[in-house]
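Have a look at the model below.

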Amino acid sequence: MEALLSLSFDNLSSYDQAKIRKGLRQVEGLLAQICLSSSSSPKTAAEKRRSVIDPGKEPPPRKALNELGGDPAFREFFKLQDGFEWNVAMRLVNCLDRLLGKTNDGQNDLLIIQTLDLIQGILLLHPPSRSLFSRELYMNHLLDLLEPINCPAIQSSTIITLVCALIENPQNTRTFENLDGLLTITSLFKSRETSREVKLKLVEFLYFYLMPETPSIPSAVATASVPAMLQRSPSKLAGAFNNRTDHGAGRKRADSESDTTKTTEEKQNLLARYLNNVNDLVEDLKESTPFGGVLV
């Protein structure tokens, strides 16, 4: 796996578009191998029906999250991501930085979108990598991509990437706020030049932003079968390796991070500096609970 990562990193570090594209495909292929079941696994009834209707074209089924813990390839990949040398998110963000320095053209825009898509995937597969976006440099990259000069496809992909960077990470949200991220989001929303699709994604982002913050994710118990690195991962991913949780450790973490979190009311007041109808958003959020959460 190190050889595959090394080859892709060499291409991602290039300034040549063809090599960057090749590096992105290599990373995508590696992630696909980890996330998709092998063709030798038994097919479900639905998969058998697809193979009859469209033989040879059906994609491999995705692995369930609770299956990842028993996958040696995923465990090896996760462990490698915990170090600097093989961290994919860092390489992708640095690649994004180089792409931002190039002239705007169709091919460069496609590479930016592909890079953002892969960043989304790696942040979900390896949540500790989200800590990169607590740094102003990397958060600024995302805010720069929300500028009106960028095409709607880039803006939409950036909004999704921003959610992946902020989810269950209040420290990143504070960085986003300190860099006037709310001003960037609301200015784009108010602009007449912003496409309808982007505005819909901006509304979804605001709903997400107003949700209560939950930093006290239960930690996985550090055992021989559960690496200590998973103690920093979300509960679902940690649960893929161990169903037990250390509630005492979770409470301790909550106490140490309580000063970095904000309530919905606090974020509502902050957002109200830039947007007039925030109360309506909060009331709608209370009624519909689009993300399955409860406002407190």
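## Helix 7 against helix 9

Helix 7 (residues 106-125) packs on helix 9 (residues 152-166) at an angle of about 20°, and their axes are 9 Å apart. Axes here are lines fitted to C-alpha atoms, for helices over the stretch in contact, with angles running from 0 to 180 degrees between N-to-C directions. Helices (H or I, at least four residues) and strands (E, at least two) are DSSP runs, numbered from the N terminus.

Who meets whom? From helix 7 come Asp109, Ile112, Ile113, Leu116, Asp117, Ile119, Gln120, Leu123 and Leu124, and from helix 9 Ala153, Ile154, Ser157, Thr158, Ile160, Thr161, Cys164 and Ala165. By class, that contact has 11 nonpolar, 4 polar and 2 charged residues. Contact means heavy atoms within 4.5 Å. For the classes, Ala, Val, Leu, Ile, Met, Phe, Trp, Tyr, Cys and Pro count as nonpolar, Asp, Glu, Lys and Arg as charged, and the others, Gly among them, as polar.

## A note on the model

This is a predicted model, so local features need pLDDT of at least 70 and side-chain atom pairs count only at pLDDT 80 or more, while totals for chains, interfaces and linings use all residues. Residues are numbered from 1 along each chain as its sequence is written, and side-chain values use heavy atoms, with hydrogens and water left out.

## The aromatic rings

The structure holds 5 aromatic pairs. In one, the rings of Phe205 and Phe208 have centres 6.2 Å apart and planes at 50°, so the pair is tilted. The rule: rings of Phe, Tyr and Trp (its six-membered ring) pair if their centres lie within 6.5 Å, and planes under 30 degrees apart are stacked, over 60 edge-to-face and the rest tilted.

Phe205 and Phe208 are 3 residues apart in helix 12 (residues 196-210), which means about one helical turn separates them. Phe205 is buried at 1% relative accessible area, and Phe208 also counts as buried, at 17%. Buried means under 20% relative accessible area, exposed over 50%, and partly exposed in between (1.4 Å probe, protein chains only). Ring pairs link Phe176, Phe205, Phe208 and Tyr209 into a cluster.

Leu5 is found in helix 1 (residues 2-12) and is buried, with a relative accessible area of 1%. Skip its neighbours within four places in sequence, and Leu5 is in contact with Leu30, Leu80, Gln81, Trp86 and Val88. Phe77 is 72 residues away along the chain, yet the C-alpha atoms of Leu5 and Phe77 are separated by 9.9 Å.

Asn11 also has its place in helix 1, and counts as buried at 11% relative accessibility. Not counting residues up to four places away in sequence, Asn11 touches Lys19, Ile20, Lys22, Gly23 and Gln26.

## An exposed arginine

Arg273 sits in the loop between helix 15 (264-271) and helix 16 (278-288). At 63% relative accessibility, Arg273 counts as exposed. Arg273 and Leu182 are 91 residues apart in sequence, but 9.2 Å apart C-alpha to C-alpha.

## The whole chain

Stepping back, the chain has 16 helices and 2 strands. Buried residues make up 44% of its 296 residues. Of contacts between residues at least 6 apart in sequence, 70% join residues at least 24 apart.
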